[in-house]
Amino acid sequence: MLPTRAVAGRRCLPGARSAAGSSGSSGGAARAAGAAAAAGAAAAARPGAQQAAPRRRVFRFRDFDLDHGGAAHPMGTDAMLLGAWAAPPPGARGVLDVGTGCGVLALMAAQRSARDCVVHAIDVDAAAAAAAAANAAASPWAARVRVAAASLQDWAAAAGAGGGDEGRGVAPLVGGYDLVVTNPPFFERSTKPTAGRRAAARHADVQLPLAELAACAARLLAPRGRLALILPPPEAARFVDAASGAGLALTDRLRVFTRPGDAEPKRHIMAFEPRPAPAGDAPGARPPPPAPARDEALTVMATGARPDGTRGLVYSAAYHALTAEFHHPTFAATWAPPPG
């Protein structure tokens, strides 16, 4: 059994503006009961973990509802962008969401993957794992989304030891994951909030230094797997170096700007793959140099006409195009892209 820790492991969103969504729930009584039962079961599995139930706060996606009321950070734009950009590859047999928080990236991956693709979600924060389990149980993919309260370091160690028996519960996927996706904590040298879930959810040096993230992810990837994550530019540059040291090469990058005219991107969404093995068996043979990474840009907001007739910032056409598979229909009605 994997060792677990009862401290917080990640955030569901950094301080970016929350993506528009409805506070209603379309799941019905049966799905709500399923979520409540899953949450109760998770709590029962943790002796002495009794605490006040978090206030429900539901974000409506096109195909599922997400209760993020108990998340250290609520659902928002970073998670939506990453989940929409990081699609599981065709034929994927396994996806791992690291630091799942409320479970959003795991559920977005489940929506876009085949029925035989298993989705694992881990979080070192037991409360976050319980919330993710409840959201998974209430989703259309309850049978193949599995959640565990475990750190990435322990998950990678368990995989190296053989992964365990899948039939007895959640264990690392034998053979590695086709996609590892994470919206990780990233502050490393800044002033921390007060100790607790928020500090650990936002600060890499509390739970998951970037170098450890790169090394553990590399061990968990299938030979042709892909790691996808989102970071601010300074941390992104450091992570590229850490990933290279772990044998991963940057293949794709999306530079995310908040508003038109911004001089610098707010986030980098990046994908990494294992570097090719050296050609031949000669001693000292070096792997071929990686191909240049594909580099694109997206601006989240644009200036245009709002549904109420005023002009101002609205979500851009590019943002709508990227996230179209996930946003609830009410989003388009409320935050229409600018004309043309």
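**Figure 1. The whole chain, before we zoom in.** Residues 24 or more positions apart account for 71% of the contacts in the protein chain, if you look at contacts with a separation of 6 or more. Keep in mind that what you're looking at is a predicted model. The protein chain has 11 helices and 12 strands. It runs to 340 residues, and 48% of them count as buried.

**Figure 2. Helix α2 meets helix α3.** Here's the first helix pair to look at. Two packed helices are described by the angle between their axes and the distance between the axes. For helix α2 (residues 77–85) and α3, the axes come within 9 Å and cross at roughly 30 degrees. Angles under 35 degrees count as roughly parallel, so α2 is roughly parallel to α3. The crossing of α2 past α3 is right-handed. Who does the touching? On the α2 side you'll find A79, M80, L82, G83 and A84, and on the α3 side V104, L105 and M108. Sort the residues of this contact by class and you get 7 nonpolar, 1 polar and no charged.

**Figure 3. How enclosed are α2 and α3?** Let's check the two helices one by one. In α2, 9 of the 9 residues are buried, so this helix is largely enclosed by the rest of the structure. Those buried residues of α2 are T77, D78, A79, M80, L81, L82, G83, A84 and W85. Helix α3 (residues 104–111) has 8 of its 8 residues buried, so α3 is also largely enclosed by the rest of the structure. In α3, the buried residues are V104, L105, A106, L107, M108, A109, A110 and Q111.

**Figure 4. A closer look at L105.** This residue is found in helix α3. Is L105 buried or exposed? L105 has a relative accessibility of 3%, so it counts as buried, the cut-off being under 20%. Now look for G83, which sits 22 residues away from L105 along the chain. L105 and G83 both take part in the contact of α2 with α3.

**Figure 5. V95 and its surroundings.** Time to visit a strand: V95 is found in β3 (residues 94–98). With a relative accessible area of 0%, V95 is buried. Which residues is V95 in contact with, leaving aside its neighbours within four places in sequence? The list is P88, A109, C117, V118, V119, H120, Y177, L179 and V181. One of these, A109, is a buried residue of α3. V95 and H120 are 25 residues apart along the chain, and their C-alpha atoms are separated by 6.1 Å.

**Figure 6. Helix α5 alongside helix α8.** Back to helix pairs, this time with α5 (residues 152–160) and α8 (residues 210–220). Their axes come within 9 Å and cross at roughly 30 degrees. That makes α5 roughly parallel to α8, and their crossing is left-handed. From α5, the contact draws on L152, Q153, W155, A156 and A159, while α8 supplies E212, L213, C216, R219 and L220. Split by class, the residues of this contact are 7 nonpolar, 1 polar and 2 charged.

**Figure 7. Helix α8 again, now with helix α9.** The partner in this view is α9 (residues 233–245), and it packs with α8 at an angle of about 45 degrees, with the axes 9 Å apart. So α8 is oblique to α9. The crossing of α8 and α9 is right-handed. The residues that make the contact are L210, A211, L213 and A214 of α8, together with E235, F239, A242 and A243 of α9. By class, that's 7 nonpolar, no polar and 1 charged. Look out for L213 of α8, which is part of the contact with α5 and part of the contact with α9.

Figure 8. How many aromatic pairs does a search of the whole structure find? The search turns up 7 of them. A pair of aromatic rings is described by the distance of the centres and the angle of the planes. For F61 and F64, the ring centres are 4.3 Å apart and the planes are at 15 degrees, so this pair is stacked. F61 and F64 are both buried. They also belong to one aromatic cluster, formed by F59, F61, F64 and W141.

How values were computed: Residues numbered from 1 in each chain as written. Predicted model: local features only at pLDDT ≥ 70, side-chain atom pairs only at ≥ 80, totals over all residues. Heavy atoms only, no water. Axes fitted to C-alpha atoms, helices over the stretch in contact; angles between N-to-C directions. Helix = DSSP H or I, 4+ residues; strand = E, 2+ residues; numbered from the N terminus. Parallel < 35°, antiparallel > 145°, perpendicular 65-115°, else oblique. Left-handed = near helix turned anticlockwise from the far one by under 90°. Contact = heavy atoms within 4.5 Å. Nonpolar A, V, L, I, M, F, W, Y, C, P; charged D, E, K, R; others polar. Phe/Tyr/Trp six-rings, centres within 6.5 Å; stacked < 30°, edge-to-face > 60°. Buried < 20%, exposed > 50% of the residue type's maximum accessible area, 1.4 Å probe, protein only.
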